[in-house]
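Here are a few friendly notes on the aromatic rings, to read with the structure open beside you. Take the points in order and look up each residue as you go.

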Amino acid sequence: MMGAEKAELGMEELELEEGGGSPSPSPMTAAGKMQALDFEHIGSLAAVAESLSTGSKWRRALTSVRVVILQAKINVLLPFGPLAVMLHYLSANHQGWVFLFSLIGITPLAERLGYATEQLALYTGPTIGGLLNATFGNATEMIISLYALKNGMIRVVQQSLLGSILSNMLLVLGCAFFAGGLVHPSRDQVFNKASAVVNSGLLLMAVLGLMFPAVLHFTHSEVQYGKSEVSLSRFSSCIMLVAYASYLFFQLKSQRSLYSPIGEEEEVTEDEEEEKEITQGEAICWLFVLTIWISILSGYLVDAIQGASESLNMPVAFISVILLPIVGNAAEHASAIMFAMKDKLDITLGVAIGSSTQISMFVIPFCVVIGWIMGQQMDLNFQLFETATLFITVLVVAFMLQEGTSNYFKGLMLILCYLIVAASFFVHVDPDSTGDNK
């Protein structure tokens with residue numbers, strides 16, 4: 001009996017070791033899982049630490065420099081900026097070269113400023129992005145104008161801003177329509193007609209604001225000669241700034257559907273997501289750096305305008321109205337053509353016509369107010385020749401946009417109109433070459 005009991009006990013122990021012992025590996029399995037989780041946790045922390053390490057930041061910074069500076073072929077013109085600064089201090093007899101080198105050196109900076117703005121716009125949405133494009137696209141013109149205004153070169157300010165409007169409406173929009181029509185020759189490209197009509201109305205309001213001070217001056221019907229037109233200009237500038245602020249509220253808040261692009265917005269969003277090449281913080285940093293460098297070169301550019309006019313045998317009016325805006329509009333020119341070739345005409349109009357609207361309704365009145373603060377007699381009397389040119393240009397472009405379609409022939413007509421305007425300013429003698437308005 002005792003042997004049988006021992007045998008049974010031995011069998012039970014064996015069963016416990018085989019069957020009942022199955023829970024014994026579970027602590028080992030749990031420990032293994034915990035160890036694996038720890039390794040995964042440690043690995044994720046290591047990846048985060050590596051991404052935040054100094055080496056990773058430097059690599060990201062170098063990548064950003066490579067994308068913004070080294071990839072664009074137009075940046076081969078960047079050395080002309082430092083050369084202009086060197087020439088300015090080496091010799092006072094090379095103002096023509098200083099002007100040309102500054103002009104060439106600002107061109108890639110303006111284009112890169114537009115690129116950084118477009119990258120930032122991808123993070124802000126299409127409506128805010130279009131406003132950013134127009135604002136920073138006009139940063140070059142505004143900086144040049146403020147430098148000229150500080151030096152008392154009021155006619156240069158007026159003519160360069162007028163030239164920016166003419167360049168955007170005729171040359172930039174014309175080249176965009178022409179390029180888009182060549183890429184899509186079998187059909188007319190379509191854009192939002194309602195948005196174009198609103199912008200045309202604002203441009204006509206700007207012409208009205210510029211016309212009355214000029215008419216008041218040349219008809220000698222002022223209450224106080226030389227003072228009434230300045231007072232009227234300052235009052236009209238404040239009204240135009242209010243109108244532009246109302247337009248922004250109308251565009252961004254009240255009637256956003258009016259400005260929605262024609263076509264599927266989802267496809268546009270997907271395309272823009274693929275185009276993100278730098279981060280939002282990097283785009284803001286590049287905007288800051290590029291704006292400072294453009295400001296430095298603008299000072300040398302403005303100082304050399306008069307000497308360049310004499311050495312190059314070109315009228316100051318031609319330099320101010322034609323040459324300066326072409327450089328300042330380099331960003332708008334490139335982006336407008338690119339979007340037109342991609343059949344995104346609403347963005348093209350937002351860049352070209354939106355930029356003209358912002359200059360006429362914001363930048364020009366803003367310069368009048370800043371001149372008021374500085375004690376400069378900056379007004380809206382752009383002289384009869386310039387005002388008539390702007391009026392006819394606005395009418396021509398308004399007729400081109402009224403159908404809501406574009407093709408290469410419309411673009412060609414706008415380009416040819418710009419050539420006529422450029423030739424007219426080449427033979428135009430500014431009646432006031434001393435820098436005063438009167």
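1. A residue counts as buried under 20% relative accessible area and as exposed over 50%, with partly exposed in between. Keep these cut-offs at hand for the points below. Please also remember that this is a predicted model.

2. How many aromatic pairs does the count come to? The count comes to 9 aromatic pairs. One of them joins F318 and F426 in an edge-to-face arrangement, with 5.1 Å centre to centre and 85° between the planes. This pair links distant parts of the chain: F318 sits in helix α14 (residues 316–328) and F426 in helix α18 (residues 408–426), 108 residues apart.

3. Is F318 buried or exposed? F318 counts as buried because its relative accessibility is 13%. F426 has a relative accessible area of 41%, so F426 is partly exposed.

4. Next, look at F362 and F366, which form a stacked pair with 5.6 Å centre to centre and 20° between the planes. Both residues belong to helix α16 (residues 345–374), where they are 4 residues apart, about one turn of the helix. F362 is partly exposed because its relative accessible area is 27%. F366 has 25% relative accessibility, so F366 counts as partly exposed too.

5. Finally, find a charged side chain beside a ring: R112 lies over the face of Y115, at 4.3 Å from the ring centre.

Definitions and conventions
Residues numbered from 1 in each chain as written. Predicted model: local features only at pLDDT ≥ 70, side-chain atom pairs only at ≥ 80, totals over all residues. Heavy atoms only, no water. Phe/Tyr/Trp six-rings, centres within 6.5 Å; stacked < 30°, edge-to-face > 60°. Helix = DSSP H or I, 4+ residues; strand = E, 2+ residues; numbered from the N terminus. Buried < 20%, exposed > 50% of the residue type's maximum accessible area, 1.4 Å probe, protein only. Lys NZ or Arg CZ within 6 Å of the ring centre and 35° of its normal.
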